[in-house]
Amino acid sequence: MIRKMSFAHSSYRVNQIGGIMVNTPQFLTDVHRIINEKSMERYIARLHEFARVIEEVKVRIMNDRDNGVVPPDFVINGALRGMRSFIDGGLNKNPLFSSLPRRLDKLDTITKARKQELIEQAGHVISAEIIPRYVGMIELFVSLLPLSDHNAGIWRIPQGEQIYAARLKSFTTTNMSAEEIHQLGLREVTRISEEMETILTREGIIEGSVSSRLRQLMDIPEYHFEDSDKGRAEQIAYLYNLDDKMMKMAQRFFITIPSQTLKISRVPEFSQDGSALGYYRGPAMDGSTSGRFYINQKDMSDTPRWTLPTLMYHEGAPGHHFQISASHLIDNLPFIRKVSPFTAYVEGWALYAEFIAHNDMNVYGDDSLGNLGRLQDEMLRAIRLVVDTGMHAKRWSRERAIDYMLSNSGTTEADATREIERYAVWPGQATAYKVGQLHILKLRSMAELRLGDGFDLREFHEMILMNGAMPLEILTESVELWIESQVK
């Protein structure tokens, strides 16, 4: 998943997984580079602007309220947890401030006295402008609770049904209806469940439903990294090792290998309660910052070792990191396609990348549990088709959607809850993964059939990646033109 949410895509301006109160602190601590005195002064200027924007967003939320748009109670409570966590402990424990000494210590072009002066300036803005505005936003959200309800679907707000239909079209870049997407999800859940059943039976794990057997495997302590700083560091080292192995294989399957590096970090603790298990943030356009894969380490039992390879291949190489980084390298490409706004293409590619790792690279050749983890992740994407349309078109409750996910995925209740609450605030987005992946696989099958022995997988991937993000209909036209050029 790419972490990039605006109100244009979310139903609510501030929520538990995105918006100004989550994305801006993460940008300032992880993306804004402090390399000299000027960049530190710009950091302080951005702190001032952050405070201003919070106040503007607060006014807009009050306007939303007055027009009948109030988040569900569980979204309000999730946002409150995140905002309270961000300011708990005051200035000294606030990540906008506490990260500064370490970041400035690396610079030898600024005197010690000037560093201290700059830190104090930043601290003043944070304590006098930002924290009070968080307090004000918290007070506003507390006041929204009596006006809220527990319904999860976008239908609950004015013109919600029309909004959802438009979101589905925007996210999938198709004309598929909610019912068509729902039925596709049900079929995919059945297919993937049968494949998981085959692996579990082969491994001698035969008692209970597929989801209960997956749950048993996920609960085995030997597959978990220790719930400690040491265990978290070991998990990140393991992910780097997976990335190294993948990069050594990449040239056999891709022509353009992006030069941008990948950094793996923990999801910030102030936002981990509502965050997905992992997400990706792309590098700077000029290559000055790395791509970054964030792993949620709040509960280490959520991510047994055998579930991690597929998550790595989705968020890192050959998934989001390859696609987003490659798009930055393309000359004469409109900027809008470099920032990859077409979710079905972007998430479809990342899910297709999981397929490449299994089908073409054979990374699970001697790792049945790793392949089971791949199928479990694919099952999650199929479930999303069912529960997203279930909540937003069929008026399923939050609890019914959570139960459906638990009965088919084997995931933890905490993770299922985070996932369902994410779909509640981001209607339609979760349907793009499977729709996009299946479309790319259909195009690949078409190319293989028409080109026969002349089909070159590396060339196919080059054509998909090095033309930038686009709607699926245009992608189809691009593949057809490419096939014609290969025939000639």
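**View 1. Buried residues of helix α9.** The buried residues of helix α9 are V210, S211, R213, L214, R215, L217 and M218; buried means under 20% relative accessible area, with a 1.4 Å probe and protein chains only. Because seven of the nine residues of this helix (residues 210-218) are buried, α9 is largely enclosed by the rest of the structure. The cover over these buried residues includes α8 (178-202), α15 (368-392) and α16 (398-409). Helices are DSSP runs of H or I with at least four residues, strands are runs of E with at least two, and both are numbered from the N terminus. The model is predicted: local features need pLDDT of at least 70, side-chain atom pairs count only at pLDDT 80 or more, and totals for chains, interfaces and linings use all residues. Residues are numbered from 1 along each chain as its sequence is written, and side-chain values use heavy atoms, with hydrogens and water left out.

View 2. β1 and β3 run parallel and are joined by five bridges, and I264 stands opposite F293 in β3.

**View 3. Surroundings of T303.** T303 lies in the loop between β3 (291-295) and α11 (308-315). T303 counts as buried because its relative accessibility is 1%. Its side chain makes a polar contact with the side chain of Q235 (2.9 Å); a polar contact is a pair of N or O atoms within 3.5 Å, and within protein one must be able to donate a hydrogen and the other to accept it, while residues adjacent in sequence count only if both atoms are side-chain atoms. Not counting residues up to four places away in sequence, T303 touches Q235, L277, I295 and L308, where contact means heavy atoms within 4.5 Å.

Note on methods:
Buried means under 20% relative accessible area, exposed over 50%, partly exposed in between (1.4 Å probe, protein chains only). Two strands pair if DSSP finds at least two bridges between them.
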